[in-house]
Amino acid sequence: MSAPAANLRINADRLWDSLMDMAKIGPGIAGGNNRQTLTDEDGEGRRLFQRWCEEAGLTMGVDSMGNMFMTRPGTDPDALPVYVGSHLDTQPTGGKYDGVLGVLGGLELVRTLNDLNIRTKHPIVVTNWTNEEGTRYAPAMLASGVFAGIHQQDWAYDRVDAKGKRFGDELERIGWKGDEKVGDRRMKAFFELHIEQGPILEAEGKDIGVVTHGQGLRWVECTVTGKESHTGSTPMPMRRNAGRGLALVTELVHRIAMDNAPNAVGAIGHIDVYPNSRNIIPGKVVFTVDIRSHELDRLNAMIERLLAEAPKLCADIGVEFSSQIVGQFDPPEFDAGCVKAIRDAAERLGYSHRDIVSGAGHDACWINRVAPTAMVMCPCVDGLSHNEAEEITREWAAAGCDVLMHAVVETAEIVG
């Protein structure tokens, strides 16, 4: 398998113009985007992507979860396709690049191959996965999860949004429920380009992140139970303050994460306090601990420590602690061959790079279960993402897409 020549580069201006044109659909209120999954805006974005792909000579397939597959044929009709892509849906206050860069980067590499009349043995398929964000319909990476056999399609169809609207009904309403059976497609490999969504690459002045692993996670819903009583008339020694238990567990989570840094993180995000009145000592607090690591043994050990120490801390102050795991997936390790293709591409093109672990979940994490998979990342300003102020530079986008193209083309095998 020969590597593409180092002078093979995408059209950076065309990629940037495509990103800006897509950002006009579902604009946010502060410069970003609100193009949530299965909304009218999502449908409009899909139609624009379809038009661009068909103008580039790609043919479309859509499965019954709404996943879009845009195919550039290879010279060998029996060769397994190389897939590339990400997602077009956004957070309610999302940026212009999260996910979208990976989809339009895939389109751009196809356009570049067309410009140069480069053919590949294996077909190349540019993919838009449905509902990666998981904001309107939980969980995240829903459709790629059905594709990989993680979730059942009927279960996915029955997910409801805050207004009680079913996923399956909304998919049909916007006209993107396809006939193709989910998960029937076989892949030679899958590559995903994404912004880092963290500060490491920019801080270190690196052009490219070569993603070797995704983080595994455990979400532990914890309940601390004390006794509601009047804040003014209950003596301090007689209080059973569930809020104090929350404070102790918060500090414990921080200590556990710091003791395992830099290979793990942890925090408490969602918190419900009962009765949540300014003059009543909390009688119950329910909160979720989010612990992540790309090392499975470390991840499990951190959870074991949390569940061993938290009950003791709470018992010492007269409150009770209980917990249950409400979300989890083990850390994915991406395919060594695909990772090498990305690393070699960065070297060949002269881009500075470093190995990196993805701190967020991506469709690639599920597709990794069914096909050789890897990811390439580019920096984003201040590591900011899931925010309308999310920003990258034209040069970062071009570098990431150049590396993506080289890895995909090498895997798809140039003919002639």
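A polar contact is taken here as a pair of N or O atoms within 3.5 Å; within protein, one atom must be able to donate a hydrogen and the other to accept it, and residues adjacent in sequence count only if both atoms are side-chain atoms. The model is predicted, so local features need pLDDT of at least 70 and side-chain atom pairs count only at pLDDT 80 or more, whereas totals for chains, interfaces and linings use all residues. Residues are numbered from 1 along each chain as its sequence is written, and side-chain values use heavy atoms, with hydrogens and water left out.

An unreviewed UniProt entry lists His87, Asp98 and His194 under "binding site"; the positions follow the numbering used here, feature names are shortened, and such annotations may be inferred rather than shown by experiment. These residues are spread over 108 residues of sequence but cluster in space, with a largest C-alpha distance of 9.8 Å.

His194 belongs to strand E6 (residues 189–195), where helices (H or I, at least four residues) and strands (E, at least two) are DSSP runs numbered from the N terminus. A polar atom of the His194 side chain lies 3.4 Å from the backbone nitrogen of Gly99. His194 has 1% relative accessibility and therefore counts as buried (under 20% relative accessible area; exposed is over 50% and partly exposed in between, with a 1.4 Å probe and protein chains only). Beyond neighbours within four places in sequence, its contacts (heavy atoms within 4.5 Å) include His87, Asp98 and His362.

His87 is placed in the loop between strand E3 (82–86) and helix H3 (100–115). This residue is also buried, because its relative accessibility is 0%. A polar atom of its side chain lies 3.0 Å from the backbone oxygen of Asp89. Among the residues in contact with His87, leaving aside neighbours within four places in sequence, are Asp98, Trp129, His194 and Asp363.

Elsewhere, four strands form an open antiparallel sheet in the order E10-E12-E8-E13, strands being paired if DSSP finds at least two bridges between them. Strand E10 (264–274) and strand E13 (320–329) each have a single partner strand, so one side of each is left without a neighbour in the sheet. Strand E8 (residues 216–225) and E13 are joined by nine bridges, and Val220 stands opposite Ile325 in E13.

Helix H8 (residues 242–259) lies across E8, E10, strand E12 (284–293) and E13, at about 170° to E10. Helix H9 (residues 296–316) lies across E8, E10, E12 and E13, at about 5° to E8. Axes are lines fitted to C-alpha atoms, for helices over the stretch in contact, and angles run from 0 to 180 degrees between N-to-C directions.
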